[in-house]
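This briefing is meant to be read alongside the sequence and the coordinates.

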Amino acid sequence: MEPICAMGVAARLRSEWDRNEGFGQNHMALKFLGQDFESLRTRCLQSGHLFEDDIFPAQQSSLGFKELGPNSSKTRGVRWMRPTEFCSDPHFIVDGATRTDICQGALGDCWLLAAIACLTLNEPLLRRVVPHGQSFHQQYAGIFHFQFWQFGDWVDVVIDDRLPVRDGKLLFVHSAEGSEFWSALVEKAYAKLNGCYEALSGGSTSEGFEDFTGGVTEMYELKNAPPNLFSIITRAVERGSLMGCSIDITSFFDMEAITFKKLVKGHAYSITGVDEVEYRRSQTKLLRIRNPWGEVEWTGPWSDESKEWREIDASVRSRLHNSQEDGEFWMAFSDFKREFSRLEICNLTADALQSREVKKWNSSLYPGEWRRGSTAGGCRNYPATFWINPQFKIVLKEPDTDNQEGCTFLVALMQKNRRQLRREGKDMETIGFAIYEVENLIFYWAGTDLNLSEKHCKI
């Protein structure tokens, strides 16, 4: 056991040294599976051959294993084609990346697409995921690359541009514009990162938020929303934070069921804007929301064709109103709280949600794992063993403001590489943590009901 322990210490030290040198940061992202974009593109340009990715091949195995498996009706007739083969003039991005570039296809990854749609509202964040200098016209070699945050490190994922196509149309995410392909290529890179396209089916928008930003997400149950939630949302929009929302389902038959007013249950939406307008001599709070389908919009008050727009100032109506069937719509904040179940906010910057003042944000990452017989103590239903779960001690030294006691902090758990195991019939584990205050210290235990699970904790 000693050599293994020594190797483990050496690996941790090497990782720490690399991190101090900047490896794993966005500007020095790690090469996923050792593939270097620049050298591969140069080699293809010199040879005159378009890149073909043997690691994520244009084959059935890259699509999926069950619903997108070999005998699935969803994959019947699918061909892998480059945009140059089925589009007369393909472009990587046309007039900037926008929310309408992301329309969902035959894959249940609305959670991911809602996160990507939010990303387009923040150009600096988008450029961290979608690097500059990629084109179908200049130095085109059939190769593209994207960067994602994975458990503490940014990784650079290389792909070829062979995409799943059926009847001349993209099978999965596509742009409403038709000749723009950055969003389809982002989806393919994320599928490669997680093993296949089907591994992306089902998830939480917050997972996408974190993988695109390295931020920390928090969730609000709208039936128990704090009284200042609209102010929290407004400040989040001002900071460029990413936000998603969804409606809970009560049974399997509710999944993607459409309500009387055209909201989709069990479906992830993006929040893309916030405003206040004067309506009938009082201020009305509004939220702008987008359905990743690119269609099916709310039909209640403040929807595209509602009468409310005719009763507000013309200049405000011109600035906000959009009557296109593009999946994006406005709704009153009061209706939002009543119709939706959950709000997710990804905190990106250093300022606390409850304050407009910019504060320094410190983050720490604690890797660890639960092991049967040593550190897997179960949840608090097992008091005899709960204490053996990994424990972390936190000391909060600086209050949020000079004249106020108390410090704001966020704790989040992550599970490593679980989507890659879906092919084996495994999914996300049930994990959690408990926080205890001990005098001026805070302890928290990370626990699971299962015997073995990897986790990361970020504060």
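Glu52, Asp160, Arg162 and Lys188 are linked in a network of salt bridges, a salt bridge being a side-chain nitrogen of Lys or Arg within 4 Å of a carboxyl oxygen of Asp or Glu. The model is a predicted one, in which local features need pLDDT of at least 70 and side-chain atom pairs count only at pLDDT 80 or more, while totals for chains, interfaces and linings use all residues. Residues are numbered from 1 along each chain as its sequence is written, and side-chain values use heavy atoms, with hydrogens and water left out.

**Salt bridges**

- A search of the whole structure finds 21 salt bridges.
- Asp53 and Lys192 meet through their side chains in a salt bridge, at 2.7 Å from N to O. Asp53 lies in the loop between H2 and helix H3 (60-63), whereas Lys192 belongs to helix H7 (residues 182-193), so the pair ties together parts that are 139 residues apart in sequence; helices (H or I, at least four residues) and strands (E, at least two) are DSSP runs, numbered from the N terminus.
- Asp53 is buried, with a relative accessible area of 2%, and Lys192 also counts as buried, at 5% relative accessibility; here buried means under 20% relative accessible area, exposed over 50%, and partly exposed in between (1.4 Å probe, protein chains only).
- Asp275 and Arg319 form a salt bridge through their side chains, at 2.8 Å from N to O. Asp275 lies in strand S9 and Arg319 in helix H10, so this pair ties together parts that are 44 residues apart in sequence.
- Asp275 counts as buried, at 17% relative accessibility, whereas Arg319 is exposed, with a relative accessible area of 52%.
- Arg41 forms a salt bridge with Glu38, with 3.4 Å between the closest N and O atoms. Arg41 and Glu38 are three residues apart in helix H2 (residues 37-47), and they are therefore separated by about one helical turn.
- Arg41 is buried, with a relative accessible area of 10%, while Glu38 counts as partly exposed, at 44% relative accessibility.

**The six-stranded sheet**

- An open sheet of six strands has the order S7-S12-S8-S9-S10-S11, with antiparallel pairing; two strands pair if DSSP finds at least two bridges between them.
- Strand S7 (216-221) and strand S11 (328-332) stand at the edges, each with a single partner strand, so one side of each is left without a neighbour in the sheet.
- From one strand to the next, the twist averages 35°; axes are lines fitted to C-alpha atoms, for helices over the stretch in contact, and angles run from 0 to 180 degrees between N-to-C directions.
- S7 and strand S12 (residues 342-347) run antiparallel and are joined by six bridges, and Met219 stands opposite Glu344 in S12.
- Helix H5 (residues 110-119) packs on the sheet, where it touches strand S8 (242-246) and strand S9 (268-279), and its direction makes about 50° with that of S9; contact means heavy atoms within 4.5 Å.

- Most residues other than glycine have a negative phi.
- Trp302 has a positive phi of about 75° although it is not a glycine; Trp302 is placed in the loop between strand S10 (282-290) and helix H10 (314-320) and, at 3% relative accessibility, counts as buried.
- Asn417, likewise not a glycine, has a positive phi of about 60°; Asn417 lies in the loop between strand S15 (412-414) and strand S16 (431-438) and is partly exposed, with a relative accessible area of 32%.
- Tyr436 lies in strand S16 and counts as partly exposed, at 31% relative accessibility. The C-alpha atoms of Tyr436 and Lys393, 43 residues apart along the chain, are separated by 9.9 Å.

**Confidence of the prediction**

- The mean pLDDT of the protein is 85, and 86% of its residues reach 70 or more; pLDDT is the predictor's confidence in each residue, from 0 to 100.
- Over residues 1-7 the pLDDT is below 50, and this stretch has zero contacts in the model beyond near neighbours in sequence.
- Over residues 449-459 the pLDDT stays under 50, and the model has 64 contacts for them beyond four places in sequence.
- Where pLDDT is low, the predicted coordinates should not be read in detail.
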